Number of protein chains: 2
Amino acid sequence: MDAFSKAVGRALYADDLRLPGMLYGKILRSPHPHARILSLDTRQAESLPGVRAVVTGRGLPVPYGILPVSQDETALAMEKVRYVGEPVAAVAADTEETAGRALQLIRAEYDPLPPVLSLEEAIRGKGEPVHAKGNLHKAVSLKFGDANPPEEPEYTREDAFFYEGNTHLPLEEHSALALWKKGRLVLYSSTQTPFHLRKILAKVFGLPEDAVRVIAPKVGGGFGGKLDPFAHDLCASKLARDAGRPVKITLTREEVFYCHRGRHPAWMNIRTSWKKTGELLEMRFRSCLDGGAYGSFGVVCTYYQGGLQPTTYRIPSYTVESARYFTNKPPCGPKRGHGTPQPRFALEAHLDKVAEELGLGPVELRLKNLAPPDSTTVNRLRVTSSGLRECVEKAAEASGFRDKFRKLPYGRGIGFALGSYLCGAAVPIYWNEDPHSRVRIRLDAKGGITVFSGATDIGQGSDTVVVWAVAEILGVPPEKIRLVAADTDRTPFDLGTYSSRVTYMAGNAAREAAENLLEKVYRRTGGRRMPFEKAARIAVEKEGALESWGSYKPPLKPANFKGSGVGPSPAYSFCACAAQVQCDPRTGRVRVERITFAHDIGRAIHRPSVEGQIEGAVHMALGEAFLEEQTFHPSGLHRGPGILDYKFLSSLEMPEVKLILIESKDPGGPFGAKEVGQGPLLPVIPAVANAIYDALGIRMDKTPFTPENILLALERKSCGRIPRVGPEGFPDIPFPEPTHIPASLPGETVPC
Amino acid sequence: MDAFSKAVGRALYADDLRLPGMLYGKILRSPHPHARILSLDTRQAESLPGVRAVVTGRGLPVPYGILPVSQDETALAMEKVRYVGEPVAAVAADTEETAGRALQLIRAEYDPLPPVLSLEEAIRGKGEPVHAKGNLHKAVSLKFGDANPPEEPEYTREDAFFYEGNTHLPLEEHSALALWKKGRLVLYSSTQTPFHLRKILAKVFGLPEDAVRVIAPKVGGGFGGKLDPFAHDLCASKLARDAGRPVKITLTREEVFYCHRGRHPAWMNIRTSWKKTGELLEMRFRSCLDGGAYGSFGVVCTYYQGGLQPTTYRIPSYTVESARYFTNKPPCGPKRGHGTPQPRFALEAHLDKVAEELGLGPVELRLKNLAPPDSTTVNRLRVTSSGLRECVEKAAEASGFRDKFRKLPYGRGIGFALGSYLCGAAVPIYWNEDPHSRVRIRLDAKGGITVFSGATDIGQGSDTVVVWAVAEILGVPPEKIRLVAADTDRTPFDLGTYSSRVTYMAGNAAREAAENLLEKVYRRTGGRRMPFEKAARIAVEKEGALESWGSYKPPLKPANFKGSGVGPSPAYSFCACAAQVQCDPRTGRVRVERITFAHDIGRAIHRPSVEGQIEGAVHMALGEAFLEEQTFHPSGLHRGPGILDYKFLSSLEMPEVKLILIESKDPGGPFGAKEVGQGPLLPVIPAVANAIYDALGIRMDKTPFTPENILLALERKSCGRIPRVGPEGFPDIPFPEPTHIPASLPGETVPC
């Protein structure tokens, strides 16, 4: 849909927008990771010619947060700053230069406090905690299924892993342009969730939601990083109101690194018990997340840490213990995979070790324990369609895994791993009974078809999916269909772009709206057979236009589903990945030769978009595996807040990706489709780790797999020590006694 | 609705818009009033760095015109230029300066032809005619009612008048910003008729109408001057397509004078026959219009010249002869009053002379011959509501006319005149069966009410009328209602802003849409009594939004109308004006002391807007009466194409206006409302002329009433010559034999 306009530079992003009389806003940020604000004097800044408005924390005192349970942020710090880069004040001026000079004129006095900069420090808890209630944000302890393993274990293994934090690195820096029209706030923002942002703006400004309009222009990449409401959204809005003029704030690249909300650093521990023949009997998964200074989506991440292991593997008895701590660093939040890539890395690397010790092939061990389709998992998730077995077999076959594993020369290796992700959450962030997506279609007198969807295309191609779904039902070429998207005034409600929900939910709403339109047109033309365009002209004769609606709400029980239970998602995607690598033991450098990827997409609505998503996920996953580190100096400063310093995969380093699409035709998905935006990232990292072991005999139990760490592991190997880089054990966290949730409740029949 | 945003400078006009990568367009215009184009060499311009596209006539060869019968223009002159300022070529460049330099590099060779610069020259027809078919554009000869007067006339009088051409002078210069999106053209233009402009763009670019989107941003005054499609609309579109980038063309003030499409200079002759007691027996009205170089709306003007006299006065036998000639000057077109202010000036000044000679008061003579309400005029117009008698009586009373007429001291005087105008045309410009206006209302899940209307607010306040009509029906405050207007993609069809049609037609459609919405909401809430906002929330629960539609199409027979016939409008406004002046016989300067104005508005939907329209019309009328002249040097150059040279009334010269609103409650108007945008201009000019006669004893039979002309008439008076300035007789025009249309057709009953 948008390929051409983006390719030629015509697409409009938030920072491309300019309005007459528009001011430029800038944000003053804390230089301290942890400090009390003693005083803030803005008088000199206010009197600088060209400065039109200045705001401090007192001007925006209402706390908020994306989750109802984590309303722990204010747009500007009130009494304390909790990370370097935390917004403290904001100014709007005639030019960017004047705004920048005004920031320098704001006198801020701080009383620095000892910062909490690591998980260890957060758990130890010396000095003043990050938040008054302590450094522990959330601890979850759950036991699913049988209280004890169904048979006596013959083999048990325990491993520890660490997944480094990293950030989204969208090409577009965040930008927000606010204006007020007769007491109504209009905000253009590079956001993934215009309707949630509307809710937060309404809360902070004390307005009814109807008095706020949020428009997402083209968004240049989100990956979860544009999901939270941000200080720049609120400051632009406040400054625009105070100055009586439009105000735009566009972040610098450095500021984007401090906004963050990216991947949580995770310290993990996994213990499994088995029969010698390779049947999994029980699993205990422990995770400790470094959350940064605020809640963001962290509570969800804490649950997701243990959530999706059982969609790929049958686990009779499953214990999950997960905690999130506050630290004096930029807040972590949702990044592609949202709390599942870290445990997936731990699980799949752990399985590689188990397989080796049991003398089984990694593919065989996985096949033996695969979760079946149309079943309820031990943690009561409803799996409907699943092409997982086909994914495993096709990926193994196409990569030649069985012929290559443990047979390639020293320095070359192949690894295997699985993944799974949800197709949106079954409940919205703010619980209510409304549909999660609505789509409206208007047929105009001149034959135009316009689709209105609140879904937000952040580059992932949801605009294309919505239009293609309508085109398919109406039988018209997609080029004939216009789309209006992501504008809370113009488009019907949609939860937004997160949880891989858009294709499944907005796609279903689009399909239903198109079916309803077809039905209306058919009724008005007396059911005569004729081309749609002709029928449409007849149908709109009377009113000059015709409208139809469609909506989607996850069903309590999906169509054709034989099992029971309540799941967090109406469906799950599945995938298998084989990674082949070539390692240079002298330099520690790893070249990925080829990724073979089989993904159960349900049904590919627009094949090039699906392929693009998988290739994009592989690209991002390899960046996380080998290069990316969102890490900080002891001063609290980011170690490399710029594209030159923060290393990520360049296109020249991208390996060949061999794609296999499995179409399991999900009974609840639009045309059978499922997600592809996040799931494909998951198996790549452990597949690469397993391949490095196959190549060099060293275990990379910690990301990123840098040359330094590979050389360190090789050195340990050559000294006869454990050939591995990774954490030891697991910190002593005061987890509560796990709540036990049995696999089946009284009266339920669980088929698996 | 828009007062605040306009007052503080936040409203966005077309020239306020900027897009990334946008180019600036400029138009090369002819320096000759009449010439053949020998060659156009754009090579040097094209090679100037920064120039991105150049277009000449060959690039936009499809002829067009606002009326289907006058498709006589091309965006750029093809073989001949026909007026100074006619567009010849256009360029788009990175900056305005570069575009300007590029224009200078275009080598155009012309073969000048003798120009036709006056009506006399056009009629005489020496040399090459303006168009191949000759200089006569259109001639109309019609005879209405009785073939002969019903009684033998006892008194007959004939007078000649001249009404000078003048132009609209909107505060906003025309501007157009074009971009192409996937083969679709999007044009932001300061237009009064987005849907007509869409039609023309589709024609010229060979696109389906659905592939063109026209948006009218805020328009800074139109008065008819932004009704035609313009070269800058088409050139911006073409240049944007060729350059692959957005292109904006904003006219300079000088260019606006050459675009023109304003008031036709009219040479008129009127002859009436009477009984001595003051009963009008017959009238012959002749008019000859100086049309400029192209058709524009001229054919309509030709008909309008004789059209509206019978809505104010009973005329048993009525002959109209009207012609329009082409001249080598900027094309004339529709300006506020659209072909009726000139004949109204002639008629009302003529009646003042008749009354004096018959020894009757001017008010009494008029009252004696007033056309009644609920009647069919001699030219078969259906008059429904008419508060004309009340207007006459109230204006006479409030101005103290009877006490002052012929009784004020020398130099001071009072004059009286009537006016009438239509409330939109009964048939669209392009004949079809569709409604003339549609309005859509959307009720959102969050309680928002959005009204979608294609009507275009050009400063006259139609946005306010549409919103107020909806607010009235729904019973919610207007501030709670949002409006989306004048966007061919987003809003339903509306013919546009002309013929004073918007309040009557879009207002009716808005009323019906609101009634339909109320009905839907009522049905979904089971008819329980509750506040609208609560009922609305219940009503949208299921679909998340609710839509309703309303439309308006002039009825063949208006409600409660007892007469018959087919009229050009569903209703007529009426007004009466008394002007009191103070003249200085030494300088010829006239100061208008007070205007007393009674207007039959039907029903005032928004009183401040109605008052603003009347005051604005008085302001413009006094400008036309005393100052404005769109006239040309023998070279074809405008005599004063700038705001300093083209004299118009300043706010300091504005007299006190005493307003009386008569509410005759038209049976077909929304809430009884009728038009006020154009009608009030009509009686002001003759009332002033009659007042000057009352003050000084001189007849100003030619506009404008400049000090020079007043001194000239005074000089003639002092020399014993006829104390008058105006034309003699009427040119010898080959009018065809008048077609006779009797007042009643067989089987019809005509009450008046």
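**How the copies meet**

I checked the contact surfaces first: 100% of the interface residues of chain A are also interface residues in chain B, so the copies meet through the same surface. Contact here means that the C-beta atoms of two residues, placed from the backbone, lie within 7 Å.

A note on the source: this is a predicted model, where local features need pLDDT of at least 70, side-chain atom pairs count only at pLDDT 80 or more, and totals for chains, interfaces and linings use all residues. Residues are numbered from 1 along each chain as its sequence is written, while chains are lettered from A and ligands numbered from 1 in the order in which they are written.

Next I laid chain A on chain B: a turn of 180 degrees with a shift of 0.0 Å along the axis does it, at an RMSD of 0.0 Å (least squares on C-alpha atoms of residues with pLDDT of at least 70 in both). That is how a two-fold axis relates things. In chain A, the C-alpha of A:Arg18 is nearest the axis, 3.6 Å from it.

**The sheet**

I then followed an open, mixed sheet of four strands in chain A, in the order S21-S20-S19-S22. Strands are DSSP runs of E, at least two residues, and helices are runs of H or I, at least four, numbered from the N terminus; strands pair if DSSP finds at least two bridges between them. S21 (481-485) and S22 (545-552) of chain A are the edges, each with a single partner strand, so one side of each has no neighbour in the sheet.

I also looked at S19 (residues 437-444) and S20 (residues 449-453) of chain A: they run antiparallel, joined by five bridges. A:Ile441 stands opposite A:Val451 there.
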